[in-house]
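Subject: Structure handover

Hello,

Here is the structure I promised to pass on. Please look it over first; my notes on it follow.

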Amino acid sequence: FILAVIFQDVESIVAFTGSYAGLGIEFLFPTLLLIQARFELNKIDRDFHEKYSNPYASPFRHCCWPLVILIWCTFSLGFVTLHMSGNIDLITILVDYIDSDSRNPILSHSGGS
C-alpha cells in the first residue's frame with residue numbers, strides 16, 4: 001500500500017520486481033546452487049561419479065550447461081533492462097529486420113523470369 005501511495009506507476013514496479021526476481025528465482029539461484037553443490041561434492045570425493053551410477057541422471061549433467069544457463073541469464077537480464085528502460089523495442093527491431101530481408105533481391109523468394 002505504501003509503494004502505491006509513493007509511486008504513481010505501480011505497474012512498472014510490478015514489472016520490475018517480476019522480471020528481476022523471476023530471473024533470479026528461475027535461473028540464477030538454482031544454477032549457483034548447482035555449481036556450489038558440484039564444487040562441494042568434488043571436494044569431498046573426487047571419484048564420486050566413477051563409484052556411483054545414477055540411472056535417473058539428467059542428460060544435462062555436463063559441466064557446460066550451468067555456464068550456458070548463466071550466459072542465457074545475462075542476455076535475459078540485458079534485454080529486460082533495455083526493454084524496461086524504454087530504449088529498445090524488440091518487436092520493432094524484428095519487423096525492421098524482416099522487412100529489410102524482403103527488400104533484398106538476393107534473399108527475396110519472388111522468382112522472376
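A residue counts as buried under 20% relative accessible area, as exposed over 50%, and as partly exposed in between, with a 1.4 Å probe and protein chains only. Lys43 is exposed by that rule, at 54%.

Now the ground rules. This is a predicted model, in which local features need pLDDT of at least 70, side-chain atom pairs count only at pLDDT 80 or more, and totals for chains, interfaces and linings use all residues. Residues are numbered from 1 along each chain as its sequence is written, and side-chain values use heavy atoms, with hydrogens and water left out.

Overall picture

The protein chain has five helices and zero strands. Along the sequence the pattern reads α-α-α-α-α. Helices (H or I, at least four residues) and strands (E, at least two) are DSSP runs, numbered from the N terminus. The chain has 113 residues, and 8% of them count as buried. Its accessible surface is about 9800 Å², with 68% belonging to carbon and sulfur atoms. These areas come from the Shrake-Rupley method with a 1.4 Å probe; for residues, only the protein chains shown count as cover. Contact means heavy atoms within 4.5 Å. Of the contacts with a separation of 6 or more, 63% are between residues 24 or more positions apart.

Helix H2

How many salt bridges are there? The count is one. The rule asks for a side-chain nitrogen of Lys or Arg within 4 Å of a carboxyl oxygen of Asp or Glu. Glu40 and Lys43 make the bridge, at 3.5 Å, N to O. Both sit in helix H2 (residues 10–44), three residues apart, about one turn of the helix. Glu40 is partly exposed, because its relative accessibility is 30%.

Arg38 is also found in helix H2. Its relative accessible area is 26%, so Arg38 is partly exposed. Beyond its neighbours within four places in sequence, Arg38 is in contact with Phe60, Arg61, His62, Cys63 and Pro66. Take Cys63: it is 25 residues from Arg38 in sequence and 9.2 Å away in space, C-alpha to C-alpha. For Arg61, the backbone oxygen lies 3.2 Å from a polar atom of the Arg38 side chain.

Thr31 belongs to helix H2 too. Is Thr31 buried or exposed? Thr31 is buried, because its relative accessible area is 4%. Leaving aside neighbours within four places in sequence, Thr31 is in contact with Pro66, Ile69 and Leu70.

Aromatic pair

A search of the whole structure finds one aromatic pair. Phe60 and Trp65 form it edge-to-face, 5.0 Å centre to centre with 90° between the planes. Rings of Phe, Tyr and Trp (its six-membered ring) pair if their centres lie within 6.5 Å; planes under 30 degrees apart count as stacked, over 60 as edge-to-face and the rest as tilted. Trp65 is partly exposed, with a relative accessible area of 33%.

Nonpolar patch

Which residues form the nonpolar patch on the surface? Leu67, Ile71, Phe75, Phe79 and Leu82 do, with about 480 Å² of accessible area together. Patches are made of residues with over 30% relative accessible area and no salt bridge; like charges are joined within 9 Å, nonpolar side chains (Val, Leu, Ile, Met, Phe, Trp, Tyr) within 5 Å. Leu82 lies in helix H4 (residues 64–85). Leu82 is partly exposed, at 37%.

Best wishes

Terms used: Polar contact = N/O pair within 3.5 Å; in protein donor to acceptor, adjacent residues only side chain to side chain.
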